[in-house]
Amino acid sequence: MNIEWYIALSAVIFSIGAAGLLSRRSPLVMLLCLELMLNAANLALVAFSRAHGDAAGQIFALIVMAVAACEVVVGLGLIVAIYRNRLAIDIDAFTELRDGRD
Amino acid sequence: MTALLPAGLIEVAVTAPSVEYGPMLPFFVLAGGAILTLFVSLIGGDVAQRLLTPLTAVATLLAANAIFAIRLKEPDPSVLTGSLALDDLALIFDIIFASAALAVAVIAWRSKSLREVGRGEFYSLLITAVLGMTLLSSATDLVALFLSFELLSIPLYVLCASDLRRNGSLESGLKYLIIGSLASAVMLYGLAMIYGATGDTNFYEIADMLAKTPAASDPLLLVGVGLLLVGLAFKASVAPFHQWTPDVYEGAPTPVTAFMSVTTKAAVLALLVRLSAGPLAPVRDNWAIVLAVLASITIVVGNVGALRQESLKRMLAYSGVAQAGYLLVGVVVGTGLGVAALVFYMCVYVLMNLGPFAVIVARERAGAGDGLRGMRGLGREAPLLAWPMTICMIALAGLPVTGGFIGKVLLVQAAVFGDWAWLGVMIVIGSAISLGYYLRVVAAIWMPEHETASDPSAPVLAGADPAADPGAHPELIAVAVAAAALTVALGVYPEWLLDLARYAGETFIALGV
């Protein structure tokens with residue numbers, strides 16, 4: 001097993017996350033895609049950490065997990081607030097703020 | 001795996017860092033103040049709610065600002081085993097963050113979103129964002145960089161959405177959250193690549209490592225640097241990563257817009273300056289030209305985008321994009337003079353941006369909305385709002401007798417002396433275009449009005465709050481007048497700030513050695 005495989009896998013996961021974020025319309029799925037991107041970075045960090053024999057990368061990955069949880073909490077909270085205001089949970093429906101309305 | 005990892009390397013010793021409580025005092029003050037503000041807001045009673053909570057927040061920010069000011073010129077380059085550097089560069093930016101937050105705390109005092117989301121929560125989140133920014137400007141480690149980047153971002157997502165019953169605010173919060181998190185994820189992947197290429201997370205160690213090896217040929221490192229810069233460009237609203245900026249700035253509650261439009265840019269630029277002196281210095285040839293092109297695109301896109309805007313918040317958002325372009329020139333040039341010009345312009349930009357936002361908040365509370373039409377007749381109605389707005393617009397356009405002029409001259413001078421003369425030309429062209437929209441505001445304020453009374457589409461009722469106050473609040477006038485007065489003062493006597501900016505430039509030069 002070479003480190004290249006881990007990095008290749010993490011790049012694939014990162015790309016899936018980025019593609020999903022750009023193409024999906026539900027904010028919930030977009031949050032999932034963000035998680036994919038962050039976890040791809042985690043995988044790369046842990047793989048590099050093993051390759052270098054340096055603990056910093058693994059600690060970094062742990063911290064990223066905590067931060068990712070915070071982001072999701074805020075994201076879900078916002079989605080609940082939007083639902084309470086009876087707005088459609090669809091990113092294409094958010095057109096109140098844009099250029100050229102006036 | 002065995003081929004890759006010799007036995008013994010798998011068990012890695014983790015040593016806990018020793019915490020120096022003295023040097024980290026301002027961070028503890030800010031973190032403690034954020035928690036204290038939340039607790040104070042639990043005290044019942046209207047007086048406690050309306051006065052005690054904001055006063056706790058203001059006291060926290062004042063205390064932090066005082067510590068930063070005392071520490072100035074007594075740098076501590078290595079705190080928390082090399083994770084943070086509290087040098088003059090960081091301290092000057094820290095003072096900018098804390099002062100901007102102070103002004104915003106005053107502007108937000110009687111605003112509607114405070115009633116919606118709760119005063120304690122609003123001020124606590126504001127202070128937490130300031131804490132994130134102060135940490136980011138001091139970060140000298142990839143982990144500290146990422147953590148403080150998120151600590152400044154996540155409170156801002158919540159603050160943007162803090163007008164819980166207004167759809168525009170929620171939309172703004174969600175858009176900012178998704179774009180901001182995308183930026184963080186891209187940046188994090190870049191950090192992982194840089195870590196993989198160098199095997200260390202400390203800025204100085206990375207710089208040492210890169211100075212020894214032929215770094216420019218390492219694709220892993222270059223991909224990492226590219227992704228890192230893209231993530232930062234998103235956050236600093238550098239074109240072509242700026243599309244979220246007008247939407248988010250327009251939808252967010254105006255005091256929040258005032259806060260984040262200046263401070264997030266300052267935080268990212270402080271980090272960019274530190275990165276360009278340390279870990280990114282060995283690969284400077286690879287990224288300097290890219291940033292230069294981005295800066296010139298940003299100047300053009302921001303200024304042209306602002307031309308047609310009717311909403312002043314949107315106009316200032318595009319103007320902020322253009323200003324990010326000007327400021328980026330200081331990083332690209334990468335000389336002591338460039339960094340000094342950047343610091344000077346940043347200080348002036350904070351002032352000349354906070355003034356207009358205070359005026360916009362006053363107009364919104366008077367029920368006139370944030371549109372250009374809401375400014376009509378302001379010169380006759382409320383000269384104490386009209387004059388600061390006029391002065392700040394003239395300063396943003398970079399006309400003489402204001403700090404904005406001195407700042408732009410310094411940036412152009414730095415660009416020319418640093419062999420980036422064409423960037424200086426871009427700044428001048430951008431300023432020329434910007435007169436087109438800044439002077440429109442001045443014209444709206446002072447021109448005699450004929451059609452306003454008979455204009456049924458004037459948004460007098462559109463954004464009106466049923467509980468709108470007819471007169472402007474004195475604290476808003478105070479902030480606007482103070483910002484405008486300081487802008488002019490810096491145009492006439494720039495020396496004292498220039499001295500500080502030179503210190504920052506010297507710190508930057510010393511970092512590179």
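Analyst: Let's start with burial: 33% of the 102 residues of chain A count as buried, where buried means that 20 or more other C-beta atoms, placed from the backbone, lie within 10 Å of the residue's own. A word on the ground rules: this is a predicted model, where local features need pLDDT of at least 70, side-chain atom pairs count only at pLDDT 80 or more, and totals for chains, interfaces and linings use all residues. Residues are numbered from 1 along each chain as its sequence is written, while chains are lettered from A and ligands numbered from 1 in the order in which they are written.

Chain A has 3 helices and 0 strands, helices being DSSP runs of H or I with at least four residues and strands runs of E with at least two, numbered from the N terminus. From the N terminus on, that reads α-α-α. The radius of gyration of chain A, 17 Å, is well over the 13 Å that the globule rule gives for 102 residues, so chain A is more spread out than a compact globule; the radius is taken over C-alpha atoms, and the rule is 2.2 Å times the number of residues to the power 0.38. Along the principal axes, its C-alpha atoms fill a box of roughly 55 × 25 × 20 Å. As for contacts (C-beta atoms, placed from the backbone, within 7 Å), 47% of those in chain A between residues at least 6 apart in sequence join residues at least 24 apart.

Now the partner. Chain B comes to 20 helices and 2 strands. Its radius of gyration is 23 Å, close to the 24 Å from the globule rule for 513 residues, so chain B is as compact as a globular protein of that length. Its C-alpha trace spans about 85 × 55 × 40 Å along the principal axes, and 62% of the 513 residues of chain B count as buried.

Where do they meet? 43 residues of chain A are in contact with 40 residues of chain B. On the chain B side, helix 6 (142-160), helix 7 (167-198) and helix 10 (244-251) each supply at least two residues. Helix 7 of chain B gives the largest share, 18 residues. By class, that side of chain B has 24 nonpolar, 9 polar and 7 charged residues, with Ala, Val, Leu, Ile, Met, Phe, Trp, Tyr, Cys and Pro counted as nonpolar, Asp, Glu, Lys and Arg as charged, and the others, Gly among them, as polar.

Technical notes. Contact = placed C-beta atoms within 7 Å. Buried ≥ 20, exposed ≤ 12 C-beta atoms within 10 Å, placed from the backbone.
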